[in-house]
Amino acid sequence: MKILKKCLTCGAEFIASKMSNKYCCRECERDASRKREAKRKKSVRESEKEAALDKERDAVASRPFLTPSDVALLLDMSVSTVYRCFYSGIIKAVRIRRKTLVRREDLDKYFEDAGPYRKRSYKRKQEQEYYTLQEIMDKYKIGRKAVWGRCDRLGIPKVYEGRNTFYSKKLIDANFSELLDVIDIDNYYTLSQIMEMYNMTQGAALCFVKYHAVPRVKRNGRSYYSKVHIDLNSATLL
């Protein structure tokens, strides 16, 4: 009696010598075995990683003061999200010299004092005026990511209606108005001008302006750097 089966590895049909055969050849069988072993090792690694994280969380949970990384570990979120919670006031944090700290008891108290969970309001208030994302981009001549980044950094909330996103016109105008100020281009260098004057690569120029904390303004998607500060620190490049 011929038993026609389909190989679980390559999908080819083959005549099996017995019902328990699953593979057409030894190579397919070895390939399936390697995949099972890789899957088993991955599962073991994930279990070990989770156990290590649980152990680390237990150690962090006993500390009276937490760093942003500790908070991110406890809340299972990214460090950048934790910092956004600091900026918006959701989590109370204190900066001491170059270190940012959160009291563990304040973190616990925040959850203890939280009111009942409510679904986020997605409707605009009638007494307020709003901008759409596109209106902000058109008015202030900046890109989509720049709007999102500035709103997240300044804690400007979003309001959703269907697929549309709206921002408070009052808050946007108060925090974006500086982008409309006219600047004297003669008082600024572009990055390409800095690179050309001092024979620098783009990366080196960016490191230079960052190291010397050179003031920067952005207009229409371009960055301009203070000419006074560049010239003042140019001696380090000669």
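Which residues in helix 2 meet which residues in helix 3? Let me start there, after two remarks on how to read the model. This is a predicted model, in which local features need pLDDT of at least 70 and side-chain atom pairs count only at pLDDT 80 or more, while totals for chains, interfaces and linings use all residues. Residues are numbered from 1 along each chain as its sequence is written, and side-chain values use heavy atoms, with hydrogens and water left out.

Now to the opening question. Pro68, Ser69, Val71 and Ala72 in helix 2 meet Val79, Val82, Tyr83 and Phe86 in helix 3, where contact means heavy atoms within 4.5 Å, and where helices (H or I, at least four residues) and strands (E, at least two) are DSSP runs numbered from the N terminus. The residues of this contact of helix 2 with helix 3 divide into seven nonpolar, one polar and no charged; here Ala, Val, Leu, Ile, Met, Phe, Trp, Tyr, Cys and Pro count as nonpolar, Asp, Glu, Lys and Arg as charged, and the others, Gly among them, as polar.

Two packed helices are described by the angle between their axes and the distance between the axes. For helix 2, which is residues 68-75, and helix 3, which is residues 79-88, the axes come within 9 Å and cross at roughly 105 degrees; the axes are lines fitted to C-alpha atoms, for helices over the stretch in contact, and angles run from 0 to 180 degrees between N-to-C directions. Helix 2 and helix 3 are therefore roughly perpendicular to each other, given that angles under 35 degrees count as roughly parallel, over 145 as roughly antiparallel, 65 to 115 as roughly perpendicular and the rest as oblique.

In the loop between helix 2 and helix 3 we find Asp76, which has a positive phi of about 55 degrees although it is not a glycine. Most residues other than glycine have a negative phi. Asp76 counts as exposed, at 64% relative accessibility, where buried means under 20% relative accessible area, exposed over 50%, and partly exposed in between, with a 1.4 Å probe and protein chains only. Asn199, in the loop between helix 8 (191-198) and helix 9 (202-211), also has a positive phi, near 55 degrees, and Asn199 is exposed, with a relative accessible area of 74%.

Let us move to helix 5, residues 133-140, whose buried residues are Leu133, Ile136, Met137 and Tyr140. Seen down the axis of helix 5, these buried residues fall within an arc of 100 degrees, so they line one face of the helix; the arc is that of the directions from the helix axis to the C-beta atoms. What covers them includes strand 6 (130-132), helix 6 (144-154), strand 8 (164-168) and helix 7 (169-176). Just after helix 5, Lys141 takes a positive phi of about 55 degrees.

Helix 6 has buried residues of its own, namely Val147, Arg150 and Cys151. They cover an arc of only 100 degrees around the axis, which puts them on the same side of helix 6. These buried residues pack against helix 5, strand 8 and helix 7, and helix 6 is followed by Gly155, whose phi is positive, near 70 degrees.

How do helix 6 and helix 7 cross, and at what angle? Their axes come within 12 Å and cross at roughly 95 degrees, and helix 6 and helix 7 are therefore roughly perpendicular to each other. The contact is made by Val147, Arg150, Cys151 and Leu154 of helix 6 and Ile172, Asn175 and Phe176 of helix 7, and by class it has five nonpolar, one polar and one charged residues.

Next, the cysteines. A search of the whole structure finds zero disulfides, a disulfide being a pair of cysteine sulfur atoms within 2.5 Å. Cys24 is in no disulfide, and the nearest cysteine sulfur, that of Cys10, is 3.6 Å away. The sulfur of Cys25 is 3.7 Å from the closest cysteine sulfur, in Cys28, which is too far for a bond. Cys24 counts as partly exposed at 33% relative accessibility, and Cys25 counts as partly exposed at 34%.

I will finish with strand 9, residues 188-190, where Thr190 has its place. Thr190 is buried, with a relative accessible area of 10%, and, not counting residues up to four places away in sequence, it touches Arg222, Ser223 and Tyr224.
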